[in-house]
Amino acid sequence: MERKEFLKMTAAICGLGLIPVGLVQSCNKQSNSGPTNVNFTLDLTASANSALNTVGGSLIANGVIVIRSSATVFQALSAACTHEGCSVGYNPTAVKVVCPCHGGVFNPANGAVISGPPPSALTTYTTSLSGNILTVKS
Ligand code: FES
């Protein structure tokens with residue numbers, strides 16, 4: 001069997017779920033480095049974004065967790081944990097980004113791993129606020 005055929009067959013088998021997950025970990029391997037070419041806006045007057053009207057509030061949009069860390073500072077990081085891709089959340093009391101799957105903890109200011117199994121930092125994105133429009137970019 002040629003390499004191309006093997007890859008096609010493997011992709012088909014993984015896609016159909018014919019092999020137990022535990023046997024073929026490579027089917028689940030994915031890049032957890034976060035979305036690329038990020039460029040979106042959030043209207044803070046929209047009810048869907050109301051969490052960001054409170055310091056300590058956060059939401060996930062387009063694979064990015066956006067956190068309001070002060071009246072004027074917003075932080076944006078990849079929402080996918082770099083360990084196995086679980087969706088992270090923000091703990092405003094601890095002022096940390098946390099992963100519910102295996103206890104990974106990240107610094108919201110720069111995405112750095114504080115503790116737990118994640119092998120690398122969360123990707124960070126820039127934010128800028130103009131009026132009520134928050135822009136998030138790579
Ligand atoms: S997936 Fe986040 S710590 Fe394992």
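Two residues are in contact here if their C-beta atoms, placed from the backbone, lie within 7 Å. The views below show a predicted model.

**View 1. Contacts of V88 in the predicted model.** Leaving aside residues up to four places away in sequence, V88 touches I65, A79, C81, V97, V98, C99 and F106. V88 is also among the members of the largest nonpolar core that touch the most other members.

**View 2. The largest nonpolar core, a set of 21 residues.** V64, I65, V66, A76, L77, V88 and V97 touch the most other members. Strands β3 (64–68), β4 (74–78) and β10 each supply at least two residues of this core. The largest share, four residues, comes from β3.

**View 3. An open sheet of six strands.** The strands run in the order β1-β10-β9-β4-β3-β2, with antiparallel pairing. At the edges are β1 (39–43) and β2 (58–61), each pairing on one side only. From one strand to the next, the twist averages 25°.

**View 4. The pairing of β9 with β10.** Strand β9 (residues 124–130) and strand β10 (residues 133–137) pair in the antiparallel sense over five bridges. For T126, the bridge partner in β10 is K137.

**View 5. H102 in the loop between β6 (96–98) and β7 (105–106).** H102 counts as exposed because it has 12 C-beta neighbours inside 10 Å, and the cut-off for exposed is 12 or fewer. Not counting residues up to four places away in sequence, H102 touches H83, G116 and P117. H102 and H83 lie 19 residues apart in sequence, and their C-alpha atoms are 8.6 Å apart in space.

Conventions
Residues numbered from 1 in each chain as written. Predicted model: local features only at pLDDT ≥ 70, side-chain atom pairs only at ≥ 80, totals over all residues. Pairing = 2+ DSSP bridges. Axes fitted to C-alpha atoms, helices over the stretch in contact; angles between N-to-C directions. Core = buried A, V, L, I, M, F, W, Y, C linked by C-beta atoms within 7 Å. Buried ≥ 20, exposed ≤ 12 C-beta atoms within 10 Å, placed from the backbone.
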